[in-house]
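Please look at the sequence and the model before reading on.

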Amino acid sequence: MDPNEDATSTETTIEAEAQERPAAEAHASKRLRSILESLLFSTAEPVPLGKLLAALPGYEKRDVVRALAALGEEYAGDERGFRLQQVAGGYQLRTAPANADFVKALLAQRPVRLTRASLETLAVIAYRQPVTRPEIEAIRGVDVDAVLTTLLERRLVRVLGRKDVVGRPLLYGTTAEFLETFGLKDLASLPTLEELGASADALEEAARAAEVADSAAAGGDASTEGTLEGASPGSRGEPEADG
Amino acid sequence: MNPRFQLEIFEGPLDLLLHLIKKDEIDVHDIPIAVVTDQYLAYLDLFEKLNLDTAGEYLVMAATLMQIKSRMLLPPAEGEGDDEEDPRAALVQQLEEYQRFRAAAAELGNRDILARDVFRRAPQAAEDEKELPPLRELELADLVDALREVLKRLPEDQAHEIVGERIAIADRIPFLLERLRGGDVEFASLFPEGASRQEVISTFLALLELVKMRAVRALQTERFGSILLRLAVPCDAEVSLDLMDDSTS
């Protein structure tokens with residue numbers, strides 16, 4: 001027949017397919033987002049991408065990563081109460097920071113409070129690991145025995161091994177719990193000390209002001225040096241064992 | 001004296017020094033050591049007046065400052081001239097290093113901290129304890145109650161007790177860990193008949209220490225039932241032991 005007619009019909013078929021494909025893709029990616037939401041909802045710990053992929057046979061890694069990013073953007077809006085964050089090498093749902101007070105009221109738990117001694121010691125360990133106790137003390141200029149014990153107990157810090165010098169002192173490093181507590185994807189996402197130097201004073205003032213406000217809020221109770229107060233997720237609602 | 005001071009909490013001598021330096025807008029690289037030393041000593045004086053426990057580190061720094069001050073007063077030695085190192089150099093370096101970490105600490109504190117600013121979903125019911133019967137985690141206070149039972153069994157203190165060898169808590173920790181490595185141990189079995197009060201107390205304090213450090217868990221199947229002691233994490237046990245050694249030395 002007329003070769004022209006044939007060409008036209010082929011064109012129309014292609015056009016129709018091209019219209020259907022985005023619709024099908026949109027459906028598939030919606031479905032994937034829904035599954036991912038369920039997976040993330042079902043876990044409390046950060047879930048590594050590999051673990052998600054293992055639970056999603058038949059899905060491409062590229063599509064999963066894209067869907068996770070889309071979910072993250074969707075949750076980031078003001079009208080949503082949770083966030084999808086990459087922490088400690090995995091994906092985790094956490095509540096929106098702006099709603100913290102309401103969540104605290106519901107859980108009726110004492111908020112975790114990190115003293116300056118704890119934060120400074122953690123900072124030294126995070127940036128200098130593996131590091132020994134005398135090395136931490138040289139930087140901070142104070143004894144860190146008590147605060148180190150607390151950090152070990154809270155599993156924010158762990159023993160990595162021993163240094164091959166006289167006395168074979170223990171070497172300390174941070175843990176996955178440290179990354180999770182501070183919402184860090186990995187250690188590399190910590191700002192460098194040089195970057196911090198510039199805005200050091202402003203930050204320090206803010207921290208001091210926050211601490212003053214904190215202790216005022218806590219009824220002015222004199223907190224022991226180097227303690228991490230408040231209930232951990234595991235010991236919610238229990239009376240204080242010490243203090 | 002009129003207490004006009006609003007005492008700030010200092011994280012040690014370096015923190016106090018940085019506070020003095022910043023307060024007077026002093027350049028860290030050119031500290032007027034005589035002025036700062038006087039101010040520093042005035043603060044230590046104030047701490048004493050306020051009955052604050054001044055840790056030894058503050059006194060060490062005071063000595064360092066006075067030493068630098070005296071070296072600054074000495075004329076440069078013959079022939080050394082300008083090459084001589086500024087007596088303040090080591091201190092300046094230490095202050096700058098500390099300042100960086102203080103900033104890093106502030107940065108950490110300003111992050112959205114889990115269980116303070118943000119919350120994750122609560123973990124589901126314990127997955128790790130499936131054995132029967134269910135065990136209840138005990139608190140330190142429960143252990144103290146249990147000790148009272150042990151002490152009741154002991155004979156009254158003899159009138160003419162000879163002071164025997166002192167049993168150090170640090171020595172009891174390896175003993176306890178050794179026992180626990182062989183499996184769960186019943187609380188009462190740690191205190192055999194005929195054990196001296198000293199021995200009982202040392203063992204008990206060592207146990208408290210281990211429980212506090214979460215190296216050992218105290219478990220119970222029912223209220224007032226026997227208490228079971230279990231090694232929490234084998235590798236952590238070594239850690240606590242080392243910390244004990246350090247703190248007693």
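## The interface of chain A and chain B

A salt bridge is a side-chain nitrogen of Lys or Arg within 4 Å of a carboxyl oxygen of Asp or Glu. In this predicted model, the rule finds 5 salt bridges across the interface of chain A and chain B. Glu97(B) and Arg128(A) form a salt bridge in which the closest N and O atoms are 3.4 Å apart. Between chain A and chain B, 15 residue pairs are in polar contact, with both residues at pLDDT 80 or more.

The size of an interface is often given as the accessible area lost when the parts come together. Here chain A and chain B bury about 5,300 Å² between them, and 58% of that area lies on carbon and sulfur atoms. Contacts link 66 residues of chain A with 51 residues of chain B.

## Helix 2 of chain B

Helix 2 of chain B covers residues 33-49, which makes 17 residues. From its first C-alpha to its last, helix 2 reaches 24 Å, close to the 24 Å expected at 1.5 Å a residue.

The buried residues of helix 2 of chain B include Ile33(B), Val36(B), Tyr40(B), Leu44(B) and Phe47(B). Their cover includes helix 1 (13-23), helix 3 (56-73) and helix 4 (89-109) of chain B.

## Confidence

The model scores ipTM 0.71 and pTM 0.62. Chain B averages a pLDDT of 76, and 73% of the residues score at least 70. Over residues 1-8 of chain B the pLDDT is below 50, and this stretch has 9 contacts beyond near neighbours in sequence. Residues 127-132 of chain B also stay under 50, with 3 contacts beyond four places in sequence.

How values were computed
Residues numbered from 1 in each chain as written. Chains lettered and ligands numbered in written order. Heavy atoms only, no water. Helix = DSSP H or I, 4+ residues; strand = E, 2+ residues; numbered from the N terminus. Expected span 1.5 Å × (residues − 1). Buried < 20%, exposed > 50% of the residue type's maximum accessible area, 1.4 Å probe, protein only. Contact = heavy atoms within 4.5 Å. pLDDT = per-residue confidence, 0-100. Buried area = accessible area lost by both parts, 1.4 Å probe. Polar contact = N/O pair within 3.5 Å; in protein donor to acceptor, adjacent residues only side chain to side chain.
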